[in-house]
Amino acid sequence: MRRGIYLLEEVDFRPMNSKRPLEYLTWLTRYKEEDRLRSAPELTSGMSIRSREIDLVGAFYAVGITGHPQFKAVTLWDCHGGWDGGWRQMMEIYTGVDGKLFLSDIDDLRFSAFSRPLGAVHGSPALSALCEEGYAAELYLFESATVRPGAALEYLETVRAEREPLLASYGHRLVGLYEVLFCDTEVVTLWGMSLDSHLAMQRARDAALGLDDEVPGDPRLLAWSKRARDYLSGPWRETLLSPFPGSRLAIG
């Protein structure tokens, strides 16, 4: 089985206008739902490449109060067929810098966009399998971590072996374990959960720190933070994402 190749994109909107992320996510989920019925990829004017092999699996509104700049949208794409499939199609549109490459249909809607190419590692669920299952969650936990050069795969294996069962005990389900490609210092993990699961884990951590005497503390949460530092060398952040209606990973 070939490696899963994905793309995660963060898009922000300035000046602050709350309608822009809504307009963007509505436009994106609508046209990508249409693309699922396409029989062949096509480079189009105004909407760039349209293809069922470049599959919008997740479209999220970033929960700004958890540390995101406001306002932000996050999207997660599955390159069906891996390097030789959806990834090749995305790369081919850059050949000759054809005018159709550019998303002119949404000119001036986005302020900036930052893309991370992602490679799945052992133990990472296939997004296509999650979609076939019909999996969806109320919220998603998005981790971006800077690791020591060359330590990405070791860190992700440790997450799979040690952190996954810990988070599962709080109702979190692993959605993705990813090496950020074309660099050797960043990883991304993604987890689905309910709001109640999120709150229960935060309170258990507070209690373990001696900051909440109304619930039992869980020292395993503090032990994981210490364990992770064996691999981390820079910024580590977790933020929450709310799936946009019409997204494959959204409930309903």
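## Arg-220 and Asp-218

Arg-220 is partly exposed, because its relative accessible area is 43%. The model in which this value was computed is a predicted one. Arg-220 has a salt-bridge partner, Asp-218, and the closest N and O atoms of the two are 2.8 Å apart. Asp-218 has a relative accessibility of 8% and therefore counts as buried, the cut-off for buried being under 20%.

Elsewhere, salt bridges with shared partners join five residues into one network: Lys-32, Glu-34, Asp-35, Arg-38 and Arg-50.

## Other salt bridges

Side chains of opposite charge can pair when their charged atoms come close. How many salt bridges does a search of the whole structure find? The count is 21.

One of them joins the side chains of Arg-2 and Asp-84, with an N to O distance of 3.9 Å. This pair links distant parts of the chain, since 82 residues separate the two partners. Arg-2 belongs to the segment before E1, while Asp-84 is in the loop between E5 and helix H2 (86-92). Arg-2 and Asp-84 are both exposed.

Another salt bridge pairs Arg-14 with Asp-12, and here the closest N and O atoms are 2.8 Å apart. Asp-12 has a relative accessible area of 8%, so Asp-12 is buried.

## Helix H1

Helix H1 covers residues 19-35, which is 17 residues. From its first C-alpha to its last, H1 reaches 25 Å, close to the 24 Å expected at 1.5 Å a residue.

Which residues of H1 are buried? They are Pro-21, Tyr-24, Leu-25, Trp-27, Leu-28, Thr-29, Tyr-31, Lys-32 and Asp-35. An α-helix has 3.6 residues a turn, so residues three or four places apart point the same way.

## H4 against H6

Two packed helices are described by the angle between their axes and the distance between the axes. Helix H4 (residues 152-168) and helix H6 (residues 219-228) have axes that come within 11 Å and cross at roughly 175°. H4 is therefore roughly antiparallel to H6, as angles over 145 degrees are counted that way.

On the H4 side the contact is made by Tyr-155, Thr-158, Val-159, Glu-162, Arg-163 and Leu-166. They meet Arg-220, Leu-221, Trp-224, Arg-227 and Ala-228 in H6. Sorted by type, the residues of this contact are six nonpolar, one polar and four charged. Among them is Arg-220, the residue that forms a salt bridge with Asp-218.

## H5 against H6

H6 also packs with H5, at an angle of about 85° and with the axes 7 Å apart. H5 is therefore roughly perpendicular to H6, because the angle falls in the range of 65 to 115 degrees. H5 contributes Met-201, Ala-204, Arg-205 and Ala-208 to the contact, and H6 contributes Pro-219, Leu-221 and Leu-222. These residues divide into six nonpolar, no polar and one charged. Leu-221 takes part here and is also listed in the contact of H6 with H4.

Ala-204 lies in helix H5 (residues 195-208). With a relative accessibility of 4%, Ala-204 counts as buried. Which residues does Ala-204 touch, leaving aside its neighbours within four places in sequence? The contacts are Tyr-170, Val-215, Pro-216, Gly-217, Asp-218 and Leu-221. Val-215 is eleven residues from Ala-204 along the chain, and their C-alpha atoms are separated by 6.7 Å.

## Loops and backbone details

The peptide bond from Gln-70 to Phe-71 is cis, its omega being near 0°. Phe-71 is in the loop between E4 and E5.

Phe-182 is not a glycine, yet its phi is positive, at about 65°. This residue sits in the loop between strand E8 (173-180) and strand E9 (186-193). Its relative accessibility is 64%, so Phe-182 counts as exposed.

Asp-108 is in the loop between H2 and strand E6 (112-120). At 69% relative accessibility, Asp-108 also counts as exposed. Asp-108 and Asp-196 are 88 residues apart in sequence, and their C-alpha atoms are 38 Å apart in space.

Conventions
Residues numbered from 1 in each chain as written. Predicted model: local features only at pLDDT ≥ 70, side-chain atom pairs only at ≥ 80, totals over all residues. Heavy atoms only, no water. Helix = DSSP H or I, 4+ residues; strand = E, 2+ residues; numbered from the N terminus. Expected span 1.5 Å × (residues − 1). Buried < 20%, exposed > 50% of the residue type's maximum accessible area, 1.4 Å probe, protein only. Axes fitted to C-alpha atoms, helices over the stretch in contact; angles between N-to-C directions. Parallel < 35°, antiparallel > 145°, perpendicular 65-115°, else oblique. Contact = heavy atoms within 4.5 Å. Nonpolar A, V, L, I, M, F, W, Y, C, P; charged D, E, K, R; others polar. Salt bridge = Lys/Arg side-chain N within 4 Å of Asp/Glu carboxyl O.
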